[in-house]
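Here are my notes for you to read alongside the structure. I have grouped them by region so that you can follow along on screen.

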Amino acid sequence: MVFSTSVDDFRDVLKRSENIVVVAGAGLSAASGLPTFREKGGLWRSLETSSLATPSSFNSDPSLVWQFYHHRRVKALEASPNAAHRVLAELAIPSFLKAVAPAAKSYHLITQNVDRLSVKAVMDLINKSDMNRTSYDSDDPRLDSVIEMHGRLFDIQCTSCGHCEEDLSNPLCPALGRAEELRDSNAQTSKIKPESIVVEELPRCRQCGELARPGVVWFDEKPRKLDEINNLVQRADLCLVVGTSSTVRPASGYAYRIQRHHGTVAVFNIEPTPGDARADFVFKGPCEVELPRVLGIT
Ligand code: BJW
Ligand code: ZN
């Protein structure tokens with residue numbers, strides 16, 4: 001199949017679409033300064049980042065994996081949503097959605113990202129549109145439109161009792177802060193494995209005191225909210241695939257499934273992806289530029 005790059009044709013489809021899903025990956029947050037997984041530079045201290053995202057890495061070296069996630073948490077705390085996050089957040093607000101997709105009954109962003117920037121973008125918009133508001137209500141249904149299928153960097157999950165809670169503090173424990181200072185003061189040795197922190201000094205569960213882990217989904221673990229996602233994919237008639245290499249299951253299969261029941265697929269990526277050959281539309285370029293241009297939202 002030959003894909004289209006026509007903005008007018010895409011907008012015609014958007015106007016008719018009833019159930020819209022976005023499947024997003026690390027490229028969505030690239031313009032916020034967060035590195036992707038599989039591009040050059042997707043390394044942390046000369047280690048492949050995806051090799052650290054496994055239960056076996058954590059079991060064999062929890063200190064190394066915690067230092068990696070501590071670094072990721074610091075970067076994500078410093079980052080702000082970019083133009084692509086903001087455009088996708090606008091679609092979560094019913095009045096904005098109706099303006100570009102008048103037939104829309106539902107809109108959801110299924111993100112593989114763990115950085116919380118998509119939720120932050122919706123929260124920023126809610127606070128902006130609701131004058132005098134500086135906080136947000138975590139039960140606001142507009143936040144439900146963001147589904148973080150690979151968990152969250154800021155969730156801390158017990159390895160023993162399963163207790164899980166959000167913790168935005170930095171550092172999470174003194175040892176992680178000290179390890180980072182040591183690394184910063186000795187930048188020349190940045191390729192050397194970091195100092196090992198004894199397990200007792202790593203983050204612990206607030207309920208039972210056992211070792212805690214980052215609340216993210218590693219390889220071979222079950223992604224979050226699969227039942228809800230499967231229902232959305234089942235009924236979607238438009239899928240935007242944004243900033244993902246589409247190499248990791250199950251997210252890599254959603255666009256195909258939507259196409260199999262006659263939905264339309266539009267890919268937004270700076271590089272060719274395995275899904276391009278079957279996509280209906282491909283908008284090649286940075287999503288922070290292409291999403292506002294193609295959706296006509298600035
Ligand atoms: C831009 C841009 C810009 C850059 N604008 N674009 C053998 C064969 C097939 C499958 C398997 C297999 N063995 C095991 C599996 C399954 C496995 C899998 O898929 N593995 C493959 C790698 C082979 N999947 C799993 O294990 C999943 N679980 C599962 O399947 O469970 C089944 C189950 C069901 C029911 C019960 C029990 C079990 C879990 C997958 C978990 C993935 N975890 C990670 C880490 C999360 C935590 C963390 O962040 O540290 O998730 S790995 C990593 O990859 C991360 C990402 O979310 C994920 C996807 O990567 P993503 O987002 O696509 O990033 P990149 O870097 O690959 O791509 C970035 C893209 O952006 C590029 O295309 C750029 O061009 C583009 N870009 N700038 C637009 N400005
Ligand atoms: Zn516990």
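1. One definition before we start: a residue counts as buried under 20% relative accessible area, as exposed over 50%, and as partly exposed in between. Please also keep in mind that this is a predicted model.

2. Let's begin with the cysteines. The unreviewed UniProt entry places the feature "binding site" at Cys158, Cys161, Cys205 and Cys208. They are spread over 51 residues of sequence, yet they cluster in space, with a largest C-alpha distance of 8.5 Å.

3. Is Cys161 buried or partly exposed? Its relative accessible area is 44%, so Cys161 is partly exposed. Cys161 sits in the loop that joins strand 6 to strand 7 (164-166). Beyond residues up to four places away in sequence, Cys161 touches Cys205, Gln207 and Cys208.

4. Cys208 also counts as partly exposed, because its relative accessibility is 37%. You will find Cys208 in the loop between helix 8 (174-185) and strand 8 (212-216). With neighbours within four places in sequence set aside, Cys208 is in contact with Cys158, Ser160 and Cys161.

5. Now to His150, where UniProt (unreviewed entry) places the feature "active site". This histidine lies in the loop between strand 5 (146-148) and strand 6 (151-158). His150 is buried, because its relative accessible area is 13%. Not counting residues up to four places away in sequence, His150 touches Thr111, Gln112, Val114, Val216, Val217, Pro223 and Val248. With Gln112 there is also a polar contact: the side chain of His150 reaches the backbone oxygen of Gln112 at 3.4 Å.

6. Gln112 turns up again beside Ala26: 86 residues apart along the chain, the two have C-alpha atoms separated by 7.4 Å. Ala26 belongs to the loop between strand 1 and strand 2 (43-44). Its relative accessible area of 15% means that Ala26 is buried. Apart from neighbours within four places in sequence, Ala26 is in contact with Thr36, Phe37, Asn113 and Gly243.

7. Gly243 leads us to ligand 1: a backbone N or O atom of Gly243 lies 3.1 Å from an oxygen atom of the ligand. A polar side-chain atom of Thr244 lies 2.6 Å from a ligand oxygen, and an N or O atom in the side chain of Asn269 is 2.7 Å from an oxygen atom of ligand 1. The protein covers 77% of the 1500 Å² of accessible area that ligand 1 has on its own. Two or more residues of the shell come from each of helix 4 (62-78) and helix 11 (287-295).

8. Which residues come nearest to ligand 1? Of the 34 residues around the ligand, they are Tyr69, Thr244, Ser245, Arg249 and Asn269. Sorted by class, this shell has 15 nonpolar, 11 polar and eight charged residues.

9. Finally, have a look at helix 5 (residues 83-91). Seven of its nine residues are buried, so helix 5 is largely enclosed by the rest of the structure. The buried residues are Ala84, His85, Val87, Leu88, Ala89, Glu90 and Leu91. Their cover includes strand 1 (19-24), helix 6 (94-100), strand 4 (106-111), helix 7 (117-129) and helix 11. At the N-terminal end, Asn82 caps helix 5, with a side-chain oxygen 2.7 Å from the backbone nitrogen of Ala84.

Conventions: Residues numbered from 1 in each chain as written. Chains lettered and ligands numbered in written order. Predicted model: local features only at pLDDT ≥ 70, side-chain atom pairs only at ≥ 80, totals over all residues. Heavy atoms only, no water. Near = heavy atom within 4 Å. Polar contact = N/O pair within 3.5 Å; in protein donor to acceptor, adjacent residues only side chain to side chain. Areas by Shrake-Rupley, 256 points an atom, 1.4 Å probe, with all protein chains shown as cover. Helix = DSSP H or I, 4+ residues; strand = E, 2+ residues; numbered from the N terminus. Nonpolar A, V, L, I, M, F, W, Y, C, P; charged D, E, K, R; others polar. UniProt positions renumbered as here; feature names shortened; annotations may be inferred. Buried < 20%, exposed > 50% of the residue type's maximum accessible area, 1.4 Å probe, protein only. Contact = heavy atoms within 4.5 Å.
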